[in-house]
Every structure is written in C-alpha cells, then in structure tokens.
Amino acid sequence: MLKKGWKINSILTGSCPRCQEENMYVEKNPYKLSKVYTMHESCSHCHLRYEIEPSFFYGAMYVAYGVSIAFGVAIFVITKLILGLSAKTSFIALGIGILVLMPITARIARNIYINMFVNYDKDWRKNA
C-alpha cells in the first residue's frame, strides 16, 4: 500500500528515512511505554545516524503539539458533529483520546521531524 521512497511510508512505518529498510525503533509496539522513545543508534543498512546532533529530537516536541491538535480536532469532529454527542461528552472523549494516542503521537512526531531533514535516497549504496 505504501510505496517505498515516499516520505509518508517512512513516517507511518517508522522506517529509516534514507533507505526505508529498517525500523528506527527497538520496540515496534509504541504502547510498551518504557521503550516508546528507544531507538537504534543508526540504521544497519545505510548507517544513517538517527540522532543527527545532540538533543536532535527536542524539536519533535513542536511537531507533536501539531499532531496532537490534529488528532484532537479529528476526535472532536467525530464525536460532536458525526456522532452527535454533547459538548461535555465530546470533550471527555477528546481528553481520553489524546491520552490513549500519546505514544503514537510521540512516534509520528519523531518520524515527521527526522523526515524533514533526511530524504529518501534510492542510491544510498553508491553514495555511502
């Protein structure tokens, strides 16, 4: 479904942004909360260092804010406008939804952030 070489593939699967061969995370399941941020140091295929500079992923916090807002708006629209629930119930669902989606939000934000700086390179073997 997701075509190799597209940034959306790397963002949604958590694969290396340069070669898209390996998952960046040690644990694929984001709901193992003790390992939600645990990443491999580098890709075993193309040897891309994931933490490009010290504290690189602090910038992903800003992306996480935007992703959380997008999820929140989606949850509110679904509960209030589509399901027709009351405003109070919709806000309760919004709070619960944001908490439940937090590990996914954190990973997607990191994936988006690193993909802003690293592009897919089909010829990474030649350029290495």
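Reply: Leaving aside neighbours within four places in sequence, A64 is in contact with T105 and A109, where contact means heavy atoms within 4.5 Å. This is a predicted model, in which local features need pLDDT of at least 70 and side-chain atom pairs count only at pLDDT 80 or more, while totals for chains, interfaces and linings use all residues. Residues are numbered from 1 along each chain as its sequence is written, and side-chain values use heavy atoms, with hydrogens and water left out.

Me: Where is A64 placed?

Reply: A64 is in helix α2. Helices here are DSSP runs of H or I with at least four residues, strands are runs of E with at least two, and both are numbered from the N terminus.

Me: Is A64 buried or exposed?

Reply: A64 is buried, because its relative accessible area is 18%. Buried means under 20% relative accessible area, exposed means over 50%, and partly exposed lies in between, with a 1.4 Å probe and protein chains only.

Me: How far is A64 from R110?

Reply: Their C-alpha atoms are separated by 7.9 Å, although A64 and R110 are 46 residues apart along the chain.

Me: Which other residues of α2 are buried?

Reply: Besides A64, the buried residues of α2 are A60, V63, V67, G72, I75 and T79. The buried residues of α2 pack against α3 (87-100) and α4. An α-helix has 3.6 residues a turn, so residues three or four places apart point the same way.

Me: What span should α2 have, and how far apart are its ends?

Reply: The 23 residues of α2 should span 33 Å at 1.5 Å a residue, and the end C-alpha atoms are 31 Å apart, which agrees. The expected span is 1.5 Å times one less than the number of residues.

Me: What comes just after α2?

Reply: Just after α2, G84 takes a positive phi of about 75°.

Me: Which residues other than glycine have a positive phi?

Reply: Q20 has a positive phi of about 55°, and phi of S55 is near 60°. Most residues other than glycine have a negative phi. Q20 is in the loop between α1 and α2, and S55 is placed in that loop as well. Q20 counts as buried because its relative accessibility is 9%, whereas S55, at 38%, counts as partly exposed.

Me: Changing topic, what lines the largest pocket?

Reply: The lining consists of Y37, E51, S55, F56, F57, Y58, A60, M61, A64, A106, A109 and R110. The elements that give two or more residues to this lining are α2 (60-82) and α4 (102-117). On a 1 Å grid over the protein atoms alone, a pocket is an open set of points where a 1.4 Å probe fits, with protein on both sides within 12 Å along at least five of seven lines, and lining residues have an atom within 4 Å of a point.

Me: How much space lies in the largest pocket, and how does its lining divide?

Reply: About 220 Å³ of space lies in the largest pocket; a volume is the space filled by probe spheres set on the grid points, which are joined across faces, edges and corners. The lining divides into 9 nonpolar, 1 polar and 2 charged residues. Ala, Val, Leu, Ile, Met, Phe, Trp, Tyr, Cys and Pro count as nonpolar, Asp, Glu, Lys and Arg as charged, and the others, Gly among them, as polar.

Me: And how many salt bridges are there?

Reply: The structure holds 3 salt bridges, each being a side-chain nitrogen of Lys or Arg within 4 Å of a carboxyl oxygen of Asp or Glu. K4 and E21 meet at 2.0 Å, N to O. This pair links distant parts of the chain, with K4 in the segment before α1 (7-13) and E21 in the loop between α1 and α2, 17 residues apart. E27 meets K32 at 3.9 Å, and R49 meets E41 at 3.5 Å.

Me: Lastly, what does S90 touch?

Reply: Not counting residues up to four places away in sequence, S90 touches F76, T79, K80 and L85. S90 lies in helix α3 and counts as buried, at 0% relative accessibility.
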